[in-house]
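Dear colleague,

Here is the structure we spoke about, with the sequence alongside. My notes on what turned up in it follow below.

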Amino acid sequence: MTTCLAKRLVPVKKIPELYPGAFSEAAIRWLIFNEKQNGISKCLRRLGRKLLIDLDEFEAWIDRQGQGNVR
């Protein structure tokens, strides 16, 4: 039996619409440019020249960002 889980993949330009006030397109592109340093690479899916963001992974990445800064 094969199970297919639907992924929520969106292009970079869609992120500001989904998270208004939190991320601009420029901010997302900066994160992608620095993906090796910030760990966002787990959220990215490349299909040729097309770059998509897995929203489930992206939201998990956002949640992980504040975990080390709690005092």
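**Aromatic residues and the core**

F58 is buried, with a relative accessible area of 0%. Please keep in mind throughout that this is a predicted model.

F58 belongs to the largest nonpolar core, which has 16 residues; F58 is among those with the most contacts inside this core, together with I15, F23, I28 and I53. At least two residues of the core come from each of α2, β3 and α4. In general terms, nonpolar side chains of soluble globular proteins tend to be buried together. For I15, the contacts beyond four places in sequence are V10, F23, I28, I53, L55 and F58.

The aromatic side chains come next. Rings count as a pair here if their centres lie within 6.5 Å, and by this rule there are four aromatic pairs. One of them joins Y19 and F23: the ring centres are 6.1 Å apart and the planes stand at 90°, so this pair is edge-to-face. Both Y19 and F23 are buried. Another pair is Y19 with F58, where the centres are 5.6 Å apart and the planes stand at 65°, so this pair is edge-to-face as well. Y19 sits in the loop between α1 (15–18) and α2 (25–33), while F58 sits in helix α4 (residues 55–65), so the pair ties together parts that are 39 residues apart in sequence. The relative accessible area of Y19 is 16%, which is under the 20% limit, so Y19 counts as buried. Through ring pairs, Y19, F23, F58 and W61 are linked into a cluster.

**Chain and sheet**

The protein chain has four helices and three strands. Read from the N terminus, its elements follow the order β-α-α-α-β-β-α.

The strands form an open sheet with the order β1-β3-β2 and antiparallel pairing. β1 (9–11) and β2 (44–47) are the edge strands, each of them pairing on one side only. On average, neighbouring strands of the sheet are turned by 40° against each other, direction ignored.

Three bridges pair β1 with strand β3 (residues 50–54) in the antiparallel sense. Within this pairing, L9 has D54 in β3 as its bridge partner, and V10 stands opposite I53 in β3. The hairpin of β2 and β3 has two residues between the strands, and G48 takes a positive phi near 65° in it.

Four of the five residues of β3 are buried, so this strand is mostly covered. Helix α4 lies across β1, β2 and β3, and runs at about 60° to β3.

What is the relative accessible area of E35? The value is 14%, under the 20% limit, so E35 is buried. E35 lies in helix α3 (residues 35–38). Not counting residues up to four places away in sequence, E35 touches I40, S41, L44 and R46.

E25 is found in helix α2. With a relative accessible area of 27%, E25 falls between the 20% and 50% limits and therefore counts as partly exposed. Its contacts, leaving aside neighbours within four places in sequence, are V12, K13 and P16. V12 is 13 residues from E25 along the chain, and the C-alpha atoms of the two are separated by 6.8 Å.

**Totals for the chain**

Of the 71 residues of the protein chain, 30% count as buried. The chain exposes about 5500 Å², of which carbon and sulfur atoms supply 55%. Among contacts in the chain with a separation of 6 or more, residues 24 or more positions apart account for 44%.

If you open the model, two places to start are the cluster of Y19, F23, F58 and W61 and the pairing of V10 with I53 in β3.

Regards

Methods
Residues numbered from 1 in each chain as written. Predicted model: local features only at pLDDT ≥ 70, side-chain atom pairs only at ≥ 80, totals over all residues. Heavy atoms only, no water. Phe/Tyr/Trp six-rings, centres within 6.5 Å; stacked < 30°, edge-to-face > 60°. Buried < 20%, exposed > 50% of the residue type's maximum accessible area, 1.4 Å probe, protein only. Pairing = 2+ DSSP bridges. Axes fitted to C-alpha atoms, helices over the stretch in contact; angles between N-to-C directions. Contact = heavy atoms within 4.5 Å. Areas by Shrake-Rupley, 256 points an atom, 1.4 Å probe, with all protein chains shown as cover. Core = buried A, V, L, I, M, F, W, Y, C linked by side-chain atoms within 4.5 Å.
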